[in-house]
Amino acid sequence: MLDQTQVKSGLSNWKEAVILVDSFLGWEKDFYPGILAGVLILKFLLIWYWDPTLLSFLAVTGIWLSILDYLGPKVLAQVFKPENWTHEKETKYEAVCENIVSGLTKCTAAFKMCHEAKEKKPVVHFAATVTSLLVLSWIGNRINNFFLL
């Protein structure tokens, strides 16, 4: 099971970015929702204009994530100096890591519950799974699949 120290050490190169993303997603400033809406609209417009196949989209997304994974810590180390790291930022970072661990624990519990339901009542699990997938398939048929991303 994942604990907070593992998450903290895994994200240590991204500490400043983690705090900024948490602040951004928490809408701590009044203009953050507008920026978020603008970025999402731009993302959907670019995908609409590009009109890629799913495989191309996944490949380009993988390329961007690889570039970000390689260059991100290097750029962050240049932009945010370690001497500017404060106790307040460390407290916020620990809270974010705790929330990540909590979310992963809840996901793990949900998967365990699903697996236990499959073992205890396989017919009900099968019916629920097939029904859910049929509904998802119907929604995907009605709405362009990239719109759902």
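In this predicted model, 22 residues of domain 1 are in contact with 16 residues of domain 2. Domain 1 covers residues 1-84, and domain 2 covers residues 86-148. The centres of the two domains, taken over C-alpha atoms, lie 21 Å apart.

**Buried area**

- The size of an interface is often expressed as the accessible area lost when the parts come together.
- Here, domain 1 and domain 2 bury about 1,700 Å² between them.
- Carbon and sulfur atoms account for 68% of that buried area.

**Polar and charged links**

- Four salt bridges are found across the interface of domain 1 and domain 2.
- Glu90 forms a salt bridge with Lys8.
- In the Glu90 and Lys8 pair, the closest N and O atoms are 3.3 Å apart.

**The domain 1 side**

- Four helices each supply at least two residues of the side of domain 1 that touches domain 2: α1 (4-10), α2 (15-25), α3 (32-50) and α4 (54-79).
- The largest share comes from α2, with six residues.
- By class, this side of domain 1 has eleven nonpolar residues, five polar residues and six charged residues.

Technical notes: Residues are numbered from 1 along each chain as its sequence is written. This is a predicted model: local features need pLDDT of at least 70, side-chain atom pairs count only at pLDDT 80 or more; totals for chains, interfaces and linings use all residues. Side-chain values use heavy atoms; hydrogens and water are left out. Domain bounds come from an automatic or database domain assignment. Contact means heavy atoms within 4.5 Å. Buried area is the accessible area (1.4 Å probe) that two parts lose on being put together, summed over both. A salt bridge is a side-chain nitrogen of Lys or Arg within 4 Å of a carboxyl oxygen of Asp or Glu. Ala, Val, Leu, Ile, Met, Phe, Trp, Tyr, Cys and Pro count as nonpolar, Asp, Glu, Lys and Arg as charged, and the others, Gly among them, as polar.
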